[in-house]
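I opened this entry to look up a few packing details. I wanted to see how the parts sit together.

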Amino acid sequence: MLSHLHSISEPSQAKRRWLLTLITLLLMLVSAGCGLFESNTEQPLSAGHPDPAFVLTVPLEPLDTPTDIEERFGGRLVVWERGHYALLALAADSAVGGIVEANLDAFLTGAEAAWMNGSSSVWAGGSSSVWAGGSSSVWAGGSSSVWAGGVYTWMPENTGTWQQIGLQEMHQLAPNLGYGITVAVIDTGVDLNHPALREALAPADLWWDFYGGDAIPREQGRIGNVGYGHGTNVAGIIRQIAPRATILPLRVLGPDGAGNLHDVAAAIDWAVEKGAHVINLSLGSDSYSEAVDAAIRFATSKGVLVVASSGNTEDTNVTYPASSAADEAEGWQRLSVTSVGPDDVKSDFATFGPSVELAAPGEQVYGPAPEEQMANWSGTSMSAPMASAALALALAETLIVPASDLAYKVMVYSADIYTNSLNDPYTDLIGAGRLDLFRFLNGVLDQAAR
């Protein structure tokens, strides 16, 4: 009987082995056809579709289904958060119910760049030992040769800027340097191969290019394009302040610095789903967006901190979403940031107003640039990532305050900038004060744990 059973099962086992071999070969062929950064098989709902002229935001009830919502409103789903909200793409402003908004080129980034001739010796030859492995031995033991002689040797041009916010003392207070914390950079993409950034990037299967519709959120364009290099500089600022934090690159803006509303909303939702702790939005719109606000509300409900730049219009027209950050009904998990110069005086270009909560340096901030170069940028877009990186530093340590309070505490423990009479015209309009890493970290971290 045993031999009879064996003779019956053997062909079945051989067939299974043959099928397994075939599947393995197919997987190998698929893998061989993939590019360096093409490991992301998951796609957002907007992928593969043309950009809609309008978007519709609708709140969801527990029993709503995607099919029901699409049929009810006659649109195509872009974001679906069960029990929270849905965002639908519309060809025309024809929906009944919900909030309809124009979609195309609703968001802009407006910082200005000054490119350096050639590349920086920090990453000469295409690599840099100080950034290797996402951390650096130069920080070991509570002292750092990166500040040899009082100069920030990784990028000497930033020495004054980093001294202004207390970066030199930071590593003594936050030795984890942001380790384990993910900051989503929703921007023009980044130079994915830049030696200053590549070790800090999140796994490639978490990336997405919402602007280009693929899984490779790299900078595109050429030197001279308004937005080209913007996201790389923003990521580079975070990298310098919180060198062990993880950067999640999400592209929503083109080389002209413009992007669509639905891409920004979808990217915020994606960042939350992929585990971001902080979202940096160095971009803005002239008007409030319910679609983006629904995404931000969802993010903050999940404990994510959201930082936005105030804009560069030199007036009181603070761009959205920074303009909504001070709404106390939404709690303190949003933060709006404007720019000051090296003397802590409001930058000429910086937008100001009662909704601004914090100031940080934003003039000629140096960082990595596409094509393995270096560039300095000026704008509130540079100020925001300094605050995002400060939050990442704190989140990586043992806190004496709830993590949800950190955006508020970074304001409370800021440096007074209103003693300077040049800021008199802007009293209470450029935030509670200027970012001070030393005061902030001393105020929120558990001293006994260090």
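I am reading a predicted model, where local features need pLDDT of at least 70, side-chain atom pairs count only at pLDDT 80 or more, and totals for chains, interfaces and linings use all residues. Numbering starts from 1 along each chain as its sequence is written, and side-chain values use heavy atoms, with hydrogens and water left out.

I traced seven strands in an open, parallel sheet, ordered 8-9-7-11-12-13-14. Strands here are DSSP runs of E, at least two residues, and helices are runs of H or I, at least four, numbered from the N terminus. Pairing takes at least two DSSP bridges. Strand 8 (208-209) and strand 14 (358-361) each have a single partner strand, so one side of each lacks a neighbour in the sheet. Two bridges join strand 8 to strand 9 (residues 246-251). There, tryptophan 208 faces leucine 250.

**Helix pair.** I then checked helix 5 (residues 230-241) against helix 8 (residues 380-395): their axes come within 8 Å and cross at roughly 35 degrees. Axes are lines fitted to C-alpha atoms, for helices over the stretch in contact, with angles from 0 to 180 degrees between N-to-C directions. The residues of this contact are ten nonpolar, three polar and no charged.

**Loop residue.** Where is aspartate 64? I found aspartate 64 in the loop between strand 1 (54-59) and helix 2 (66-73). Aspartate 64 counts as buried because its relative accessibility is 9%, buried being under 20% with a 1.4 Å probe and protein chains only. A polar atom of its side chain lies 2.8 Å from the backbone nitrogen of glutamate 61.

Methods
Nonpolar A, V, L, I, M, F, W, Y, C, P; charged D, E, K, R; others polar. Buried < 20%, exposed > 50% of the residue type's maximum accessible area, 1.4 Å probe, protein only. Polar contact = N/O pair within 3.5 Å; in protein donor to acceptor, adjacent residues only side chain to side chain.
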